[in-house]
Amino acid sequence: MKPTFYVTTPIYYVNDVPHIGHAYTTVAADVLARYKRLMGYDVYFLTGSDEHGQKVEKAATTAGETPLELADRVVKRFQALWERLGISHNDFIRTTQERHKNGVSQIFKDIMGKGDIYLGEYEDWYCTPCETFWTETQLIDGRCPDCNRPVEKLKEESYFFRMSKYQEQLLAHIEANPDFIQPKSKRNEIISFIKEGLRDLSVSRTTFSWGIPVPGNDRHIIYVWFDALTNYITALGYPDETGNYGRYWPVDVHLIGKDILRFHSVYWPTFLMAAGLPLPKKVFAHGWWTVEGQKMSKSLQNVIEPNMLIDKYGVDAVRYFLLREVPFGLDGDFSHSALVQRINSDLANDIGNLLSRSTAMAVKYFGGILPAATEMADIDLALKQKTEEMVATVDKFIDEMAFSKALQAIWEVISAGNKYIDDTAPWALAKDPANRDRLATVMYCLLESQRITHFILSAFLPTTAEKALASLGWNEAVSKAGMAWGGLSAGATITKAEALFPRIEE
Ligand code: ME8
């Protein structure tokens, strides 16, 4: 049986349209999913939409729609974008689906049955846009500490989750599992937060109606984060534990932005503890994108729309830039000039040129029929070794979610390929028929190194890799074996590759 790998993105709110931040997390999860499939895993990749709560209700009122009409309309934009971006998710969960609503009610009831959800009364400062209550001391200058907007005092009857009860158990879990929360700096922040003391959490609202009612008391709506987080198991069919839930839970990694780490590393694990379910293996919080040095916001009108970038630069250039430009886990800045720079140097120049030069020579010198390698010289063995080492390095970096380092390692092999051409000078070898065997070996090594490179790159740049592999005459089924040197067989048909990435003149 194949080992399993379950990866998720946040489920995005439908009161906002998709932008580069949403694309970022989703592309990263896609790379992970595609890579693990290459490595022979049985992968389940989940994304979806968060459709309940006051924010969506308000946005719908403003738009003159019902919340469901709004959700139906906006969810299509997310789904269309994922299609364009080549996202290979196995499932898309919407929190308005019956499977989700049933699962959430069931878990809420289970935890209530165990006495860890109880009815009480709440009075505190509430930030409507963030749907979060804050204590007096958490406010900054009387405003929401997350978004800096005004808060209002709210008093309501509420169900509470006994989160305080799980403080020590959660801390012990974090201590015992150093990789549970990543990156490390974020883990330390969460540990400090928990040590300040966990209060019981209000998990129902009576101030609006768009959501899942509390079982047995439908004056109350289940708190949107309780509802949303549970998607990670309702999508697997929970409470039915036999199917996908039994197969894929606990999740290998929840990929999220740093804005929602507390929900994923404090609330969610304690809900699961209360329900008696296993905890996620890893929660990884990546950094935040700004745009040309500024926070992305509707009011600044600087929100980067991924469709517009894809139209202009192509899907793989966008995927590449997002994961190459900024180390995963750190904050980054989006700028058009940086994107154009990456496209022209890394894509058009390095990888694109290498493939078109190499395939053109194979066509010119061998009529497009891949020759066999005969005797390998040191320089050939060095290229082979570099390629093989890259495969191992990439594996390690991907396990660490170090996508930019993985790409860097791949690009080192691409540079080595370009240098190999300069050093071996195939055009000089071609002048003398006595060098025919030598030329054959050079061509084989050059093309095989790129075959492996594009094979592994298919996780990052699926459209480009498919074109490249086709021109390298490689059309075998995807399997881990494809990473090994020697995959290309003599006699394969090589066709001259078109420019993979046109240069951008601006
Ligand atoms: O928080 N930089 O949904 P959301 C990087 N529904 N990533 C960004 C980003 C930016 N500037 N802006 C958004 C929610 N993101 C909840 C989640 S999960 C059970 C419920 C990405 O639509 C990043 O992944 O506000 C962030 O965590 C997510 O979008 C927030 O999406």
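In which helix does Gln169 lie?

Author: The model is a predicted one, in which local features require a pLDDT of at least 70 and side-chain atom pairs count only at pLDDT 80 or more, while totals for chains, interfaces and linings use all residues. Residues are numbered from 1 along each chain as its sequence is written, and side-chain values use heavy atoms, with hydrogens and water left out.

Gln169 lies in helix α5, which covers residues 167–176; helices here are DSSP runs of H or I with at least four residues, strands are runs of E with at least two, and both are numbered from the N terminus. The relative accessible area of Gln169 is 42%, which makes the residue partly exposed, given that buried means under 20%, exposed means over 50% and partly exposed lies in between, with a 1.4 Å probe and protein chains only. Gln169 and Met273 are 104 residues apart along the chain, and their C-alpha atoms are separated by 8.7 Å.

The chain that holds this helix has 18 helices and 15 strands in its secondary structure, and 58% of its 506 residues are buried. Its C-alpha trace spans about 90 × 50 × 40 Å along the principal axes.

Turning to the sheets, six strands form an open sheet in the order β3-β2-β1-β12-β13-β7, with parallel pairing, where two strands pair if DSSP finds at least two bridges between them. At the edges stand β3 and β7 (181–182), each with a single partner strand, so one side of each has no neighbour in the sheet. The partner of β3 is strand β2 (residues 42–50), which runs parallel to β3 and is joined to it by four bridges, and Thr47 stands opposite Phe92 in β3. Within strand β3 (residues 91–94), Asp91 and Ile93 point one way while Phe92 and Arg94 point the other way, and all are buried. In a regular strand the side chains alternate between the two faces of the sheet. Elsewhere in the sheet, strand β12 (residues 253–257) and strand β13 (residues 283–286) run parallel and are joined by four bridges, with Phe284 of β13 as the bridge partner of Leu255.

The antiparallel strands give a further set of pairings. Strand β4 (residues 117–127) and strand β6 (residues 152–161) run antiparallel and are joined by 10 bridges, and Glu157 in β6 is the bridge partner of Glu121. Two bridges join β6 to strand β8 (residues 201–202), again antiparallel, with Phe161 opposite Leu201 in β8. An open sheet of three strands has the order β9-β11-β10 and antiparallel pairing. Here β9 (204–205) and β10 (213–214) stand at the edges, each with a single partner strand, so one side of each is left without a neighbour in the sheet. Strand β11 (residues 217–222) is joined to β10 by two bridges, and Ile221 in β11 is the bridge partner of Pro213.

Among the helices, α12 (residues 315–325) has 10 of its 11 residues buried, so it is largely enclosed by the rest of the structure. The buried residues of α12 include Val315, Tyr320, Phe321 and Arg324.

An N or O atom in the side chain of Thr25 is 2.6 Å from an oxygen atom of the ligand, a polar contact being a pair of N or O atoms within 3.5 Å. A backbone N or O atom of Tyr13 lies 3.0 Å from a ligand oxygen atom, and a polar backbone atom of Gly257 is 3.0 Å from an oxygen atom of the ligand. On its own the ligand has 670 Å² of accessible area, of which the protein covers 94%, with areas from the Shrake-Rupley method and a 1.4 Å probe.

Definitions and conventions: Polar contact = N/O pair within 3.5 Å; in protein donor to acceptor, adjacent residues only side chain to side chain.
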